[in-house]
Amino acid sequence: ADDLASMASGASLGIGDLKVGRGGLATLRIREYGMRDAMCINVAASIKSDRSTGKAPLLIDLAHNLIKDAGVLALAGAIEKNSRCAALDLSYNFVRSDGAVALARCLPYSKLRRLDLSHNPLGSQGTKSIGNALGLPGAAGLRSLKISRVGMGAVGAVAVADGVAANKGLRLLDISGNQLRTSGAMALAANLEINVTRGGGA
């Protein structure tokens, strides 16, 4: 509680002092706290200023909050700068296309292996930007992408399908609860088969 109060007032959180749990991940978990953009920006500043190189990979769990695009823009910049950031859970927030674009831009330059944006109103343009980023060489380190119920649409689905076909590292893709239309569903079906075949069924 003291750490949360410190972040809300703008003080720095000791990211390097987080305890390492099972799986070798240090976890920053602030779920269901009513976090808005201002507090998220403070959290991002602490992540960005962390100098704990060589320590455990960092899981950032900010699910079930009130974070919008401004907070995510700050988080994206922090994740790109901090090579410890291995996983980001922003599910059940209020991230729209601008936030998705910011994450897409940082994805090829980050060390993220898991990204969960489920239950956010990303829309077709937001998911299109994520899909486009998936196909870039630097995004091959991503292993898990969850974008269920984000309003993907056919345009977003085709972009994600193309990204999946080009991505050599992705092992889990959750797109449930989206209206893909026929064109999006067909593109995903074809390109998922390409990815699985190339990955040896993993």
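I take two strands as paired if DSSP finds at least two bridges between them. Helices (H or I, at least four residues) and strands (E, at least two) are DSSP runs, numbered from the N terminus.

**Entry 1: ground rules.** The model is predicted, so I note that local features need pLDDT of at least 70 and side-chain atom pairs count only at pLDDT 80 or more, while totals for chains, interfaces and linings use all residues. Residues are numbered from 1 along each chain as its sequence is written, and side-chain values use heavy atoms, with hydrogens and water left out.

Entry 2: 6 strands make an open sheet, in the order 1-2-3-4-5-6, with parallel pairing. Strand 1 (26-29) and strand 6 stand at the edges with a single partner strand each, so one side of each has no neighbour in the sheet. Neighbouring strands of this sheet are turned by 10° against each other on average, direction ignored; the axes behind such angles are lines fitted to C-alpha atoms. In general, strands of a sheet pair through backbone hydrogen bonds, either parallel or antiparallel.

Entry 3: I picked strand 3 (residues 85-89) and strand 4 (residues 114-116), which pair in the parallel sense over 3 bridges. For Ala87, I found Arg114 as the bridge partner in strand 4.

**Entry 4: the whole chain.** I counted 7 helices and 6 strands in the protein. Along the sequence they follow the pattern α-β-α-β-α-β-α-β-α-β-α-β-α. The protein has 202 residues, and 49% of them count as buried (under 20% relative accessible area, with a 1.4 Å probe and protein chains only). The accessible surface, from the Shrake-Rupley method with a 1.4 Å probe, comes to about 9,600 Å², and 51% of that belongs to carbon and sulfur atoms. I then checked contacts (heavy atoms within 4.5 Å). Among those between residues at least 6 apart in sequence, 86% join residues at least 24 apart.

Entry 5: Ala165 lies in helix 6 and is buried, at a relative accessible area of 17%. Its C-alpha atom is separated by 9.0 Å from that of Leu134, 31 residues apart along the chain. Asn167 sits in the loop between helix 6 (153-166) and strand 6 (172-174). Is Asn167 buried or exposed? I found Asn167 buried, with a relative accessible area of 2%. The side chain of Asn167 reaches the backbone nitrogen of Gly169 at 2.8 Å.

Definitions and conventions: Buried means under 20% relative accessible area, exposed over 50%, partly exposed in between (1.4 Å probe, protein chains only). A polar contact is a pair of N or O atoms within 3.5 Å; within protein, one must be able to donate a hydrogen and the other to accept it, and residues adjacent in sequence count only if both atoms are side-chain atoms. Axes are lines fitted to C-alpha atoms, for helices over the stretch in contact, and angles run from 0 to 180 degrees between N-to-C directions.
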